[in-house]
Amino acid sequence: KKWHVMHSCIPLSKDEWFYKYKSLAATEPRHILLESGRTGRYSIIGLSPFAEVSGKDDVLTIKTEEGSAVIKGSVYEQFQNWFKDFQIEQIEGLPDFTGGAIGYLSYDLTREFEKLPTTSEDDLGLPDLYFLLFKDVFVYDHETSTLWLIVLGEEKNTPYCLDKLRAFKEMWEAPLSKEDASEDEQSYPVEDFKHVSMTEEVFVD
């Protein structure tokens with residue numbers, strides 16, 4: 001499946017993008033913010049994943065808009081086999097990440113490739129592999145104070161994707177509500193949040 005990249009760019013201040021993200025994420029059950037830290041250029045936002053993939057104990061579970069599927073076997077290999085069908089075109093001048101998978105591979109996943117001793121109890125029961133997949137992402141450029149709006153879609157769906165892009169532009173440019181604006185006055189300054197996000201809040205909700 002070949003995904004084409006449709007994009008737009010809008011100006012946003014260093015405070016506006018984060019406060020707006022908080023407001024938009026409040027209604028999303030799963031969302032991601034990958035912060036840039038103090039020296040990075042980009043912060044990446046995903047608000048509404050089209051798929052959730054988790055794997056543990058040779059069972060890979062894939063939840064999409066169409067339903068759920070369970071695949072048995074090496075969760076790493078099964079994820080690779082499933083994900084290889086998604087190809088994203090590369091466009092010069094855009095941020096390196098324009099959509100796709102955001103998540104983690106745990107240390108315990110190495111047991112699929114080598115025999116290791118079990119020295120501790122798995123008391124958390126977290127997946128060994130976990131990814132959210134996004135067709136729509138928003139990337140803030142700290143150097144230019146602009147927000148990239150990026151939509152992925154098949155060529156046959158171009159009109160629909162362009163409509164989404166226009167809707168996203170209106171969404172991000174809309175003023176904050178009085179409630180959100182009042183709450184944001186109590187929020188972290190952006191510079192302070194960058195430190196917090198690198199230690200605690202680079203998260204998957």
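Buried means under 20% relative accessible area, exposed means over 50%, and partly exposed lies in between (1.4 Å probe, protein chains only). This is a predicted model: local features need pLDDT of at least 70, side-chain atom pairs count only at pLDDT 80 or more, and totals for chains, interfaces and linings use all residues. Residues are numbered from 1 along each chain as its sequence is written, and side-chain values use heavy atoms, with hydrogens and water left out.

**View 1. Ser-145 sits in the loop between strand 10 (136-141) and strand 11 (146-153).** Helices (H or I, at least four residues) and strands (E, at least two) are DSSP runs, numbered from the N terminus. Ser-145 counts as partly exposed because its relative accessible area is 26%. Its phi is positive, about 55 degrees, although Ser-145 is not a glycine.

**View 2. Asp-57 lies in the loop between strand 4 and strand 5.** Asp-57 is not a glycine, yet has a positive phi of about 55 degrees. With 63% relative accessibility, Asp-57 counts as exposed.

View 3. Of its 205 residues, 39% count as buried. Contact means heavy atoms within 4.5 Å. Among contacts between residues at least 6 apart in sequence, 67% join residues at least 24 apart. The chain exposes about 12,000 Å². Carbon and sulfur atoms supply 50% of that area. Accessible areas come from the Shrake-Rupley method with a 1.4 Å probe; for residues, only the protein chains shown count as cover.

**View 4. Helix 2 (residues 75-83) has the buried residues Val-75, Phe-79 and Trp-82.** Seen down the axis of helix 2, these residues fall within an arc of 65 degrees, so they line one face of the helix. The arc is that of the directions from the helix axis to the C-beta atoms. An α-helix has 3.6 residues a turn, so residues three or four places apart point the same way. What covers the buried residues of helix 2 includes strand 4 (51-56), strand 5 (59-64), strand 8 and strand 9.

**View 5. Tyr-104, Leu-124 and Leu-126 form a nonpolar patch on the surface.** Together they have about 310 Å² of accessible area. Patches are made of residues with over 30% relative accessible area and no salt bridge: like charges are joined within 9 Å, nonpolar side chains (Val, Leu, Ile, Met, Phe, Trp, Tyr) within 5 Å. A salt bridge is a side-chain nitrogen of Lys or Arg within 4 Å of a carboxyl oxygen of Asp or Glu. Leu-126 is in the loop between strand 8 (100-105) and strand 9 (129-134).

**View 6. His-31 is in the loop between helix 1 (16-25) and strand 2 (32-34).** His-31 counts as buried, at 6% relative accessibility. A polar contact of 3.0 Å joins its side chain to that of Tyr-21. A polar contact is a pair of N or O atoms within 3.5 Å; within protein, one must be able to donate a hydrogen and the other to accept it, and residues adjacent in sequence count only if both atoms are side-chain atoms.

**View 7. Cys-9 belongs to strand 1 (residues 2-11).** At 34% relative accessibility, Cys-9 counts as partly exposed. Not counting residues up to four places away in sequence, Cys-9 touches Thr-146, Leu-147 and Trp-148. Cys-9 and Asp-141 are 132 residues apart along the chain, and their C-alpha atoms are separated by 9.9 Å.
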